[in-house]
Structure formats: structure tokens, C-alpha cells
Amino acid sequence: MDNVIIEQLVNHSSTKADRKKRYIFLIVTAVFVFIWLNLPSLLAVIFMEVLTVAIAALLMNFFLNKEFEYTFVDGEIDIDLIYNKSRRRRVFTGSVQEFEIVAHFTDRDHLDFYKNYKLRDFSGGIVNDNTYIFIASYKGKKGRYVIEPNDKLLEAIRQSSVPSKFFKLKKIGGN
């Protein structure tokens, strides 16, 4: 049997939650700028304000510029979160055989039972035809995980999963 190795990179689009984080960064920065205005020296005020704005801009750019890498190797899937194309952190690893269910994001018939599980979004942030949710345990906790696999990765997941637990999007009007 041949080894199946598939890698896919998904860029994360700016979402409502990301915009909220940006606003929080800006508000915290503004608060610190006003605090620094009370310093007795004008040079110290300018220095602290520039430093605060620079740190806030750096943090916003670093933590809000992210992408996900899916690595599928012989029925095992690993998902890494990559910040600013430089820092990598493993956010999920597991066997597709152990998934309770894999269904399209909009498939309420199969996913409503799991709606109280914690949702972790490892997709691009915009729901489309290739946005799927799988239910699995990771580090002892069950959760709902959103991914955005391409056709090749989706087919590999389908072939590795239990057929009665995989529900592909049914397109209306043909296919």
C-alpha cells in the first residue's frame, strides 16, 4: 500500500473576531498613550508613546497574520497554526478513523447533536463549499473543528474515515 501524504496551506481571512481584537489593541494603546501624557518630561512622553504604538502595531501584525497548514499522512491529520509565516504551533493531531463525524459546515441534520461542543476554527474564516466540521477528541476533550480542505485532502479524509460518518456537501442542481 502506498503512503498517502498531502499538505495544504490555508490563509486566514480577517473575521469579525479579528476586527474585535484589533479594536482592543487600539483601545489599550490609546489608554497607555494617555497614561504616558502624565509623565513630567516631554522627551519621556514622546518616547513612551512611540514605544507603545510600535509594540501594539508589532503585536497586531504578528498575531493577526495567520495561516493553517494541514498535513495528512496515512489516515493521520495534523493541523499547525503559523503566525506571520514564522512561528508554528501544533493545534490538532489525530486519526481520521477516530473522528465521530465529518460533515459540511452547513449540514445541520448531522451536526446539531454536537452544537454544544467547543468550536475551534482552523479554516480561512469564510464559509464556502469546502468548509467542513469534524468532531474529534484532542488532548482528552471532544470538540468541533472547522477545516477548509481542498478536493484532494477531502477525498483522502473520506477514504480513511468510516463511510457512515462522512457526509459530503450535496450540491443542488446537478453534481
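1. On a 1 Å grid over the protein atoms alone, a pocket is an open set of points where a 1.4 Å probe fits, with protein on both sides within 12 Å along at least five of seven lines; lining residues have an atom within 4 Å of a point. The second largest pocket is lined by residues including Arg89, Arg90, Lys118, Arg120, Tyr138 and Tyr145. Seven of its lining residues are charged, three nonpolar and one polar, with Ala, Val, Leu, Ile, Met, Phe, Trp, Tyr, Cys and Pro counted as nonpolar, Asp, Glu, Lys and Arg as charged, and the others, Gly among them, as polar. Strand 8 (141–147) gives the largest share, four residues.

2. The model is predicted: local features need pLDDT of at least 70, side-chain atom pairs count only at pLDDT 80 or more, and totals for chains, interfaces and linings use all residues. Residues are numbered from 1 along each chain as its sequence is written, and side-chain values use heavy atoms, without hydrogens and water.

3. In the lining of the largest pocket, helix 1 has the largest share, four residues. By class, this lining holds nine nonpolar, three polar and six charged residues.

4. Helices (H or I, at least four residues) and strands (E, at least two) are DSSP runs, numbered from the N terminus. In helix 2, Val45, Glu49, Thr52, Ala56, Met60, Phe62 and Leu64 are buried, meaning under 20% relative accessible area with a 1.4 Å probe, protein chains only.

5. From strand 5 (residues 101–104), Ile101 and Ala103 point one way and Val102 and His104 the other, all of them buried. Strand 5 runs antiparallel to strand 7 (residues 132–138), joined by four bridges.

Technical notes
Buried < 20%, exposed > 50% of the residue type's maximum accessible area, 1.4 Å probe, protein only. Pairing = 2+ DSSP bridges.
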